[in-house]
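Biologist: I would like a close look at one part of this model. Please keep to the salt bridges and the cover around their residues.

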Amino acid sequence: AGGGFVSELSAPGTAVGTDGDQVLVAWNDNGTLRITRYNLDGSVAWSRAFTGRASVTHIMSDPNHAVLFGGKLTDSIDFGGGALPLGSTPEGSVNGFFVLLSQAGDHLMSRSVGMSEVNGLATNGESIAVSGIYRTQLQHLMMKQFGTNVRPFSTGLGVGGVNAEELGVGGRVFVGPTGRFWWNLRSNFPVQIGFPYLLVSE
């Protein structure tokens, strides 16, 4: 409470998150993706190993203490719900993904999301929001929702969500307790260079 030192943890990892006083870490280990939950004293609560490589850029907990992580696959990986396929366009890979594990580390959900990069990932325990880009000859901003309480939205540049011609970058996203989300994006539609704004759903 007074800001005094409690403990120190040193662990390899490319993405780090927290769940209360526990730490969540993701890293690649010689062709194996590892997700580990550490206790405050540095001991391992559990660790899960998945054959294959992936760049995990986001890892976090939800209000139910489930573990959500995502990023970009290098290899097709089976997280417990079947192997996630790899995709591509002539301009590069389309391997964005996310995985939801239970508090104990068991598989709950895993999805390929049809994005070239995942730049934002968030959950409120009922819904998951994924933000990123889809790269063709141009760069398209993207947002997808999964779960039981998704919200309709429009950027104002398209109808019924994100129009396929909306160019730019989907950035950070936050999902509130009611399912309402806040999405930070940068639009290049139709010709503006890097016009940033914050979209708030209903």
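Is Glu-117 buried, partly exposed or exposed, and at what relative accessibility?

Modeller: This is a predicted model, in which local features need pLDDT of at least 70 and side-chain atom pairs count only at pLDDT 80 or more, while totals for chains, interfaces and linings use all residues. Residues are numbered from 1 along each chain as its sequence is written, and side-chain values use heavy atoms, with hydrogens and water left out.

Glu-117 counts as partly exposed, because its relative accessibility is 30%; buried means under 20% relative accessible area, exposed over 50%, and partly exposed in between, with a 1.4 Å probe and protein chains only. Glu-117 forms a salt bridge with Arg-135, and the closest N and O atoms are 2.9 Å apart. A salt bridge here is a side-chain nitrogen of Lys or Arg within 4 Å of a carboxyl oxygen of Asp or Glu. Arg-135 lies in strand 12 (residues 127-135) and Glu-117 in strand 11 (residues 117-123), so the pair ties together parts that are 18 residues apart in sequence. Strands (E, at least two residues) are DSSP runs, numbered from the N terminus. Arg-135 is also partly exposed, with a relative accessible area of 26%.

The whole structure has 4 salt bridges. Among them is Arg-37 with Asp-19, where the closest N and O atoms are 2.9 Å apart. This pair links Arg-37 in strand 3 (residues 32-38) to Asp-19 in strand 1 (residues 15-19), 18 residues apart. Both Arg-37 and Asp-19 are buried.

Notes. Helices (H or I, at least four residues) and strands (E, at least two) are DSSP runs, numbered from the N terminus.
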